[in-house]
Amino acid sequence: MEMIKAKDLSFEYIRRDEEGNVESINKAIDNINLEIEKGDFIAILGANGSGKSTFAKHINAILYPTEGSLWVNGMNTAEEKNLWDIRQTAGMVFQNPDNQIIATVVEEDVAFGPENLGIETKEIWRRVEESLKAVGMLQMRHMSPNKLSGGQKQRVAIAGIMAMRPECIILDEPTAMLDPNGRREVISTIHELNKKEKVTVILITHHMDEVIYADKVYVMEKGHLVMEGTPREIFSRVDEIKKYRLDVPQVTELAYELRKSGLDLPEGILTVEELVKALEEVRRKPH
Amino acid sequence: MQIIFDKVNYIYGKGTAFERHALKDISFCINKGEFIGLIGHTGSGKSTLIQHMNGLIKASSGHVYFNGEDIYAQGYNMKQLRSKVGLVFQYPEHQLFETTVFKDVVFGPLNLGLDKLESELRAYESLKMVGISDDLLDASPFELSGGQKRRVAIAGVLAMKPEVLILDEPTAGLDPRGRDDILNQIAKLHKEVGMTIILVTHSMEDVACYSDRLFVMNNGELVFQNPTKEVFAHYKELEEMHLAAPQVTYVMNMLKEKGWNVSCDATTVKEARDEILRALGSTR
């Protein structure tokens with residue numbers, strides 16, 4: 001069974017005036033069909049306003065479809081009886097940690113989730129330690145969250161979700177405020193969760209270098225799914241990516257520029273090592 | 001010398017359990033019209049440092065001089081300092097509060113004591129400067145996209161006609177196009193108006209494109225304040241400080257290690273492309 005299945009999914013934001021009359025309708029998601037397999041690492045890219053966050057909010061049933069359906073682990077999100085099971089299955093991490101942190105001590109905030117799930121005390125603390133360690137915040141466990149910097153807070157928020165061991169984690173631009181090392185740590189943590197614990201990961205991001213390890217990449221534009229494929233397939237279509245107001249990793253752009261200037265480089269170069277290897281090949285070729 | 005810091009120290013929560021020595025003996029000079037990039041790991045002291053530049057935070061010890069005047073001297077006009085050194089915080093849309101975009105931008109100059117007409121003229125001018133079209137002036141700030149809100153918040157600071165503009169991660173949370181728009185606007189201000197710019201960011205690629213010098217903070221210390229290319233040449237040290245160099249810098253250094261005759265100071269895609277083509281051309 002798929003982890004997530006969307007069929008003919010559409011969602012409209014309806015704005016009403018004071019009397020309840022419809023003022024405007026914004027079709028944020030338009031006829032989306034996709035399936036995400038258990039254990040996949042999926043990335044969703046799209047310019048702001050493309051509908052990716054709206055779609056993410058359907059996965060843990062914060063929003064319900066206006067048309068079509070969404071199933072999480074076989075449960076239809078439109079059926080109220082499924083609500084809490086869906087929310088336990090799919091955990092969401094938002095961009096702004098201040099909207100997610102509620103306790104006055106770091107380790108208590110991380111413990112909040114598992115506590116609410118009725119997990120026994122020893123296991124709660126084991127999970128708290130593991131999760132904090134995984135995000136590099138264990139030594140700050142006794143600190144007050146409001147003394148932390150933005151990036152540190154975000155790592156605590158992520159630890160809080162991870163401590164609940166959901167089957168699926170959706171992260172809506174989780175690294176937007178982190179420095180390069182913080183980003184690397186968070187992404188490698190998410191990656192480990194995906195590979196070791198088989199947690200399905202859905203990552204919404206603008207950072208192209210975070211996407212290169214995904215199993216599959218979806219690109220959204222104005223509510224539609226416009227591209228789907230492996231990272232290599234997607235990023236080799238540089239002009240198309242730019243048309244959707246997105247970026248490619250700097251190294252991919254360099255390869256693209258060199259190809260445009262006549263060098264015979266393969267498509268879909270995603271890392272520094274790949275480019276250097278390809279350039280060495282070019283240098284070796286007789287002319 | 002527009003801004004001088006002389007052995008500035010700041011300690012948060014002195015004497016409490018949360019005492020934190022956030023700035024350690026910071027000394028530097030910034031000249032009028034420079035474009036400074038300020039980078040450093042999370043918690044290194046960047047936000048603390050910039051809040052000392054417009055007197056929002058007072059140093060625990062040391063001196064800060066603006067245009068040659070000691071800002072901690074008796075009778076110094078702090079209010080005026082804050083209009084000359086404009087600070088745009090992270091997520092500046094949190095600063096927006098009025099019912100229309102135009103009113104929000106007028107607020108600043110009005111508070112400075114300027115008359116209504118002058119304030120409105122400035123608001124109109126600065127909104128134009130950040131590329132907000134006329135049809136948005138009467139819209140509620142909260143109906144705009146993230147990037148548009150950012151630009152309105154920046155306009156609010158620009159309406160004070162600052163000599164220095166400090167931006168704390170102005171592109172966080174924006175999509176690539178929004179990021180490019182904001183950075184291009186900032187670069188324009190720098191070129192056309194000669195505004196001194198201090199850009200706090202985590203993006204090495206952005207800072208490589210725009211800044212003359214790079215200030216690097218590490219655990220409360222200012223470890224570099226050299227020209228950008230010089231700093232990125234120390235990419236191994238940067239990594240030890242939990243930072244990095246732009247991706248292309250790594251490409252060039254790896255090629256050099258493999259015996260290519262390339263200079264390693266390319267920090268943008270165009271520079272790297274030209275350097276690689278040049279190196280290949282000379283062996284053909």
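## Two helices of chain B

In this predicted model, helix 3 (residues 101–111) of chain B packs against helix 4 (residues 116–129) of chain B at an angle of about 125 degrees, and their axes are 8 Å apart. That angle makes helix 3 of chain B oblique to helix 4 of chain B. Their crossing is right-handed.

Let's look at who touches whom. Helix 3 of chain B contributes Phe102(B), Val105(B), Val106(B), Pro109(B) and Leu110(B), while helix 4 of chain B brings Glu118(B), Ser119(B), Glu120(B), Arg122(B), Ala123(B), Ser126(B) and Leu127(B). Sorted by class, this contact has seven nonpolar, two polar and three charged residues.

## Where the chains meet

Between the chains, 37 residues of chain A are in contact with 36 residues of chain B. On the chain A side, helix 5 (150–162), helix 6 (180–196), helix 10 (250–260) and helix 11 (272–284) each supply at least two residues. Helix 11 of chain A gives the most, with seven residues. The side of chain A that touches chain B has 15 nonpolar, 13 polar and nine charged residues.

## The sheet of chain A

Chain A also has an open sheet of six strands, in the order 6-7-8-3-9-10, with mixed pairing. Its edges are strand 6 (90–93) and strand 10 (224–229), each of which pairs on one side only. From one strand to the next, the twist averages 20 degrees.

Strand 6 of chain A runs parallel to strand 7 (residues 168–172) of chain A, and four bridges join them. Val93(A) has Leu171(A) of strand 7 as its bridge partner. Helix 1 (residues 52–59) of chain A packs on this sheet, touching strands 3, 6, 7, 8 and 9 of chain A, and its direction makes about 155 degrees with that of strand 8 of chain A.

Key: Residues numbered from 1 in each chain as written. Chains lettered and ligands numbered in written order. Predicted model: local features only at pLDDT ≥ 70, side-chain atom pairs only at ≥ 80, totals over all residues. Axes fitted to C-alpha atoms, helices over the stretch in contact; angles between N-to-C directions. Parallel < 35°, antiparallel > 145°, perpendicular 65-115°, else oblique. Left-handed = near helix turned anticlockwise from the far one by under 90°. Contact = placed C-beta atoms within 7 Å. Nonpolar A, V, L, I, M, F, W, Y, C, P; charged D, E, K, R; others polar. Pairing = 2+ DSSP bridges.
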